[in-house]
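Subject: Structure handover

Hello,

Here is the structure for you to open. My notes on what turned up follow below.

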Amino acid sequence: MDINRRNFFKIAGLTGVAVATGKQLVASPEKKDDVEFYGILYDSVLCKGCAGCEIDCADANGLEYPEDGPEVGVVRKTNEKQRTVVNAKETSKGVVYVKTQCMHCNEPACGTACLTQAMHKTREGAVIWREDKCMGCRYCMVSCPFDMPKFEYHSTNPVIQKCTMCYELTQQGEEPACVYNCPNGALKYGPRRELLAEARRRIVEHPDEYHDHIYGEHEAGGTGWLYLSPVPFEELGFNTNIQKSSYPALTKGFISSIAPVDILLPALLLGVHEATKQRNHNEEE
Amino acid sequence: MNMTTSYQKNQEAEKVPFNRFRYLLNELKPKGKIFTPFNVISVPIMLLGLYIIYIRFTQGIGAVTNLTQDVPWGLWIAFDVVTGVAFAGGAYVLVFMVYILNLKKYKPIVRITVLNGFLAYLFYSGALLLDLGRPLSIINVIIGNNYGVSSVLFLVGWHFLLYMLALLLEFSPAVAEWLHAPKLRKVLSAMTLGAVIFGITLSVLHQSGIGALFLMAKDKIHPLWYNAYMPLMFVVSSVFAGLALIIFEGSISHKVFADQLDKDSHKKHDSIVQGLSKICTLAMFVYLFMTIIIFVHEKNWEYLNTPMGYWYLIEIIGFVMLPMFLFFYSSRNGKMLLIRVAAILTLLGILLNRLNVSMIGFKWDAAVRYVPSWQEVVVTLTIIFIEIWVFRWIVRRMPVLRKSPDWVHESK
C-alpha cells in the first residue's frame with residue numbers, strides 16, 4: 001500500500017463528501033407522499049381509571065388479562081405480559097389516573113439503538129418491533145429513556161413486548177384498541193399536529209382543570225403519546241428532567257466521526273510508520 | 001540471491017525427516033502436569049459453568065441470571081465485554097509501539113500480547129452470544145439487509161469482528177512456524193503491517209464505541225460516571241488497562257512458562273516492563289487530568305458527599321491516582337514488585353470503572369438493585385478459565401514466548 005500526495009487528497013476529498021452528504025440526507029426535503037405522524041392524546045382529567053384499556057390491549061394482542069387493577073400507593077409497571085397499565089395517584093387535586101405504555105418517540109432511542117432494524121419507527125408514527133430481525137441483545141432496553149421495551153427472560157425464543165399503537169389495526173383504517181374502547185373519551189387517536197392543537201384548546205378553555213403543560217410535546221424530542229394532566233407531572237411520577245432534544249442526538253456526533261476516522265487514521269499510521277522507519281535507518285548509520 | 005538459496009536449502013533440509021501428520025498428532029497430546037492446583041480448581045468450575053450454559057439455552061436467560069426489565073445488561077456484558085475489551089487493549093497499543101513507532105525493544109512481547117488479545121476477543125464475543133436472547137439472528141447483522149447503521153452496537157459488533165480477523169493475521173506467522181510451513185509464513189507475515197494499521201484503527205473505534213454504547217442511557221447512569229466524553233475516556237483508559245494487563249500477565253507467564261525462555265530474556269523483560277510502566281504513568285496522568293476537567297465541567301460537586309460520591313473518590317484516588325504514582329516511582333527506581341502491585345491496582349481500577357458505568361452506577365437509584373447471580377459469576381469464571389486453557393495450550397506449542405525456529409532466521 002503506497003499513498004502518494006494525490007491519493008491522499010482523493011481519500012480526504014471522498015471523506016469530506018461522505019461527511020457532507022451524510023448530513024444532507026438527514027435534512028432532505030419533504031417528499032409529497034410523506035405521511036404525518038399519528039399519535040394518541042391521553043387526557044388524565046377525563047380518565048376514570050376503569051382500566052378497561054388494559055383488557056382491550058390484552059385482547060387485541062393475544063396477551064393474558066391482568067390480575068390486578070389501579071390502586072393508590074401501588075406503582076404498577078408494564079412487563080413482558082402487559083403492554084399498558086393504569087395507575088392511581090394521590091395528588092393535590094385528589095386521585096388522578098395515569099396510563100403508561102410506550103411513548104412512540106418521534107426519534108426513538110430504541111430504533112437508533114437497534115442494530116438489526118427490528119425496532120422500527122414506521123412512517124405513520126408507531127414504533128414497532130419485528131420478530132424476524134431481533135437478536136435479543138436488549139440494547140433497546142438500555143437506551144429507552146422510558147424503560148418501555150420488555151423482554152421475556154424465561155423463554156428460549158424471547159420476544160420484546162411493548163405497545164405498537166396497534167399498528168396492524170391502524171393499517172386497516174381502524175383505531176388502536178384502547179382508543180376505540182375507552183368509555184370516557186380519555187383517549188384520542190389522530191395526526192400528532194391535530195392532537196397538539198386539541199390539547200392546547202382544552203388547556204385554554206379549562207385553565208382551572210388542566211395543568212398548563214403537554215407532556216410529550218417536547219420531551220425526548222417529542223413523542224407520539226401526548227399527556228394532559230390536572231396537576232404538575234412530577235406529582236404523577238413522570239420523569240420531568242427528561243431532555244427536550246431527542247436521545248439519538250446523543251450518539252450522532254460519535255456515529256458521524258466513524259467514517260472519517262476509519263479512512264484517515266490508517267493513512268496517518270502508515271505515514272508515522274514510514275517516518276520512524278527512516279529515523280531508525282539514520283540512527284543505524 | 002542469498003535469500004532464495006538459503007530458503008531452498010532450508011526447504012530441502014526439512015523434506016526428509018519431517019512428517020507433518022505424525023508431528024501434529026503428537027502435538028495434540030497434553031503436555032505438562034495434569035494435577036496442578038490451577039487444573040484442580042478450574043475443571044470443576046468449568047464443568048459447572050457448562051451445565052449452567054445448558055440450562056440457559058433450555059430454559060431461558062432468566063433461569064440463571066438476575067437480570068430485570070430495568071437492568072437488561074448484567075455481569076456478562078459489564079465484565080466479559082465492557083471490561084474484557086479494555087483489558088485486551090494491550091494488543092493494539094503494543095503493535096502501535098512496535099510496528100508504527102518502530103520501538104524494537106518491545107518486540108519480544110508482541111506475540112504473547114497479540115495472542116492474549118485475540119483469545120480475549122474470541123471468548124468475550126462468545127460470552128456475548130450467551131447473552132443474546134435470539135443468538136441465531138446475529139446473522140442479520142452480518143449478512144442481512146437489516147443493517148442498523150445508526151446503532152453504536154452495530155459499529156462495535158462489526159469492528160469486533162474485523163479486529164479479530166486482524167489479530168488472527170498478526171498472530172498467524174507463529175502458527176505457520178508451528179506447522180513448519182515457510183511459504184505460508186512468508187505470505188502471512190507480509191500481511192502483518194496491513195493488519196496492524198487496520199487493527200489499530202478498528203481498536204480506537206470500538207474501544208471508544210463501548211463508551212458510546214451508554215450515551216443514550218443518560219438518565220440511567222449516575223451523573224458522576226455519565227458524561228458526553230465517555231467514548232474518549234474509554235479509549236484513553238484502554239491504553240493503560242491493556243498495558244497493565246501485559247505487565248500482570250507477563251509476571252505470571254514468565255514463571256509458568258519459564259522453560260520457554262532463555263536466560264537473557266528475563267533481564268530484557270524487566271527493562272520492557274519498566275518502559276511500559278512509564279507509558280502507563282503518562283496515560284494515567286492524561287486520564288486523571290481529563291477526569292478532573294470533566295468533573296468540574298459537569299458541576300458534580302453536589303454528588304461528592306453521598307455514598308456514590310465516596311465510591312467515586314475510591315475509584316479515582318485509590319485506583320487511578322495511587323497506581324499512577326506507584327508506576328511513576330517504581331519505573332524510575334526499577335522496583336519490579338511495586339510495578340506489579342501498580343498493575344494490579346490499575347486493573348482493579350478499570351474493573352471498578354467499567355462496572356460503575358455499566359452495572360453499579362446503572363439505575364443506581366432503582367428500588368431493587370441488580371446483583372449478579374452465582375450462576376452468572378460461575379459462567380464468567382468458566383469463560384476466563386477456558387481462555388487460559390487455550391492460551392496455555394498454544395504457548396506450550398507455538399513459538400510465542402520462545403524464539404522462532406532457526407529456519408525463520410535463516411530465510412531472512
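Where is the place of Gln207(B)? Gln207(B) sits in helix 10 of chain B. Before going further, note that this is a predicted model.

Is Gln207(B) buried or exposed? Gln207(B) is buried, because its relative accessible area is 2%, and the cut-off for buried is under 20%. Which residues is Gln207(B) in contact with, once neighbours within four places in sequence are left aside? They are Val85(B), Ala86(B), Gly89(B), Tyr92(B), Tyr121(B), Phe234(B), Val235(B) and Ser238(B).

Now the contact between the chains. Chain B puts 59 residues into the contact, and chain A puts in 57. The area buried between chain B and chain A comes to about 5,000 Å². Carbon and sulfur atoms give 59% of that area. On the chain B side, the residues that lose the most area to chain A are Gln69(B), Arg134(B) and Met216(B). Together these three make up 19% of what that side buries.

Lys77(A) forms a salt bridge with Asp70(B). The closest N and O atoms of Lys77(A) and Asp70(B) are 3.0 Å apart. Polar contacts between chain B and chain A link 34 residue pairs, counting pairs with both residues at pLDDT 80 or more.

Several helices of chain B each supply at least two residues to the side that touches chain A. They are helix 3 (37–59), helix 5 (90–100), helix 7 (139–142), helix 8 (152–178) and helix 10 (192–212). Which helix of chain B gives the most to that side? Helix 10 does, with 9 residues. By type, the chain B residues touching chain A divide into 34 nonpolar, 18 polar and 7 charged.

Last, a look inside chain A. Strand 2 of chain A covers residues 85–91. Of its 7 residues, 5 are buried, so strand 2 of chain A is largely enclosed by the rest of the structure. Strand 2 of chain A runs antiparallel to strand 3 (residues 94–100) of chain A, and 7 bridges join the two. A hairpin connects strand 2 of chain A to strand 3 of chain A through 2 residues. What stands opposite Glu90(A) in strand 3 of chain A? Val95(A) does.

Best wishes

Methods: Residues are numbered from 1 along each chain as its sequence is written. Chains are lettered from A and ligands numbered from 1 in the order in which they are written. This is a predicted model: local features need pLDDT of at least 70, side-chain atom pairs count only at pLDDT 80 or more; totals for chains, interfaces and linings use all residues. Side-chain values use heavy atoms; hydrogens and water are left out. Contact means heavy atoms within 4.5 Å. Buried area is the accessible area (1.4 Å probe) that two parts lose on being put together, summed over both. A salt bridge is a side-chain nitrogen of Lys or Arg within 4 Å of a carboxyl oxygen of Asp or Glu. A polar contact is a pair of N or O atoms within 3.5 Å; within protein, one must be able to donate a hydrogen and the other to accept it, and residues adjacent in sequence count only if both atoms are side-chain atoms. Helices (H or I, at least four residues) and strands (E, at least two) are DSSP runs, numbered from the N terminus. Ala, Val, Leu, Ile, Met, Phe, Trp, Tyr, Cys and Pro count as nonpolar, Asp, Glu, Lys and Arg as charged, and the others, Gly among them, as polar. Buried means under 20% relative accessible area, exposed over 50%, partly exposed in between (1.4 Å probe, protein chains only). Two strands pair if DSSP finds at least two bridges between them.
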